[in-house]
Amino acid sequence: LELKPKVKDKVNLIYFSTPQRGLELLVPVVEALAEKHPEVHLDVFSSFKIYGWDDADKHFEPLYEKIRNHPNMTYHGFAPQEKLREHLSRAHILAYPNIWPETSCRVLIESMSAGLLCVHPNLAALPDTAGGLTSMYQFNTDVNRHANIFYEYLDHAIQNVNRDEAQNYLKFVKAYADSRFNLDKISSQWQSTLKD
């Protein structure tokens, strides 16, 4: 994804994973931060439709409705990759208070490659995926403590993401992600492993 200049009078947050990975923690934090930072807007691309599990979304419908009704949030549900990439190119921050242990994280890889400042805990494989280059905090199993820690880190990110030094650093993060997770390199590694 080619980096494009981002607006400086707004801060666009994005979440694009299935809802059980931390969306219930994210929404109240953004509600609180929107009072302090009216320039913040959250785009949510989240649905089990990505797996064809439409019924699984019913449990999260009240949360989706809360997002729909908030002036600083937009719920997109499941969207094609082209639409998601369009929003990624305009986003400033990946807001990802993940509570789901992952073995790798496509959301984090794509966000780093898109030049986003990524705010997330150090849960499971996230530290390895991030390479120590993101805004990462200590995971806490207590939901309230996690939300408070995430609030502080996201607040700091919102205040600093549009500074020139932050934008220059995020170009380096993009270069790292594009090099480390290059599809040609990874496919050749898998081919070599399978041949062995």
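Tutor: In this predicted model, helix 4 (residues 106–113) and helix 7 (residues 164–180) cross at roughly 130 degrees, with axes that come within 7 Å. Since angles over 145 degrees count as roughly antiparallel and those from 65 to 115 as roughly perpendicular, helix 4 and helix 7 are therefore oblique to each other. Helix 4 brings Ile109, Met112 and Ser113 to the contact, and helix 7 brings Val173, Lys174, Tyr176, Ala177 and Asp178. Sorted by class, the residues of this contact are five nonpolar, one polar and two charged.

Leu94 belongs to the largest nonpolar core, which has 54 residues; Leu94, Leu13, Ile14, Leu23, Ile93, Phe150 and Leu154 are the members that touch the most others. Helix 1 (residues 23–36) supplies the largest share of this core, with seven residues.

Helix 1 is also a packing partner of helix 2. In helix 2 (residues 61–68), the buried residues are Leu63, Tyr64 and Ile67. They lie on the same side of helix 2 because they cover an arc of only 100 degrees around the axis. These buried residues pack against helix 1, strand 2 (40–44) and strand 3 (73–75).

Apart from residues up to four places away in sequence, Asp57 touches Tyr64, together with Pro19, Ser47, Phe48 and Lys49. Asp57 has a relative accessible area of 5% and is therefore buried, the cut-off being under 20%.

Ala124 sits between strand 5 (117–121) and helix 5 (126–130). Although Ala124 is not a glycine, its phi is positive, at about 50 degrees. Most residues other than glycine have a negative phi.

Definitions and conventions. Residues are numbered from 1 along each chain as its sequence is written. This is a predicted model: local features need pLDDT of at least 70, side-chain atom pairs count only at pLDDT 80 or more; totals for chains, interfaces and linings use all residues. Side-chain values use heavy atoms; hydrogens and water are left out. A nonpolar core is a set of buried Ala, Val, Leu, Ile, Met, Phe, Trp, Tyr and Cys residues joined through side-chain atoms within 4.5 Å. Buried means under 20% relative accessible area, exposed over 50%, partly exposed in between (1.4 Å probe, protein chains only). Helices (H or I, at least four residues) and strands (E, at least two) are DSSP runs, numbered from the N terminus. The arc is that of the directions from the helix axis to the C-beta atoms. Contact means heavy atoms within 4.5 Å. Axes are lines fitted to C-alpha atoms, for helices over the stretch in contact, and angles run from 0 to 180 degrees between N-to-C directions. Angles under 35 degrees count as roughly parallel, over 145 as roughly antiparallel, 65 to 115 as roughly perpendicular and the rest as oblique. Ala, Val, Leu, Ile, Met, Phe, Trp, Tyr, Cys and Pro count as nonpolar, Asp, Glu, Lys and Arg as charged, and the others, Gly among them, as polar.
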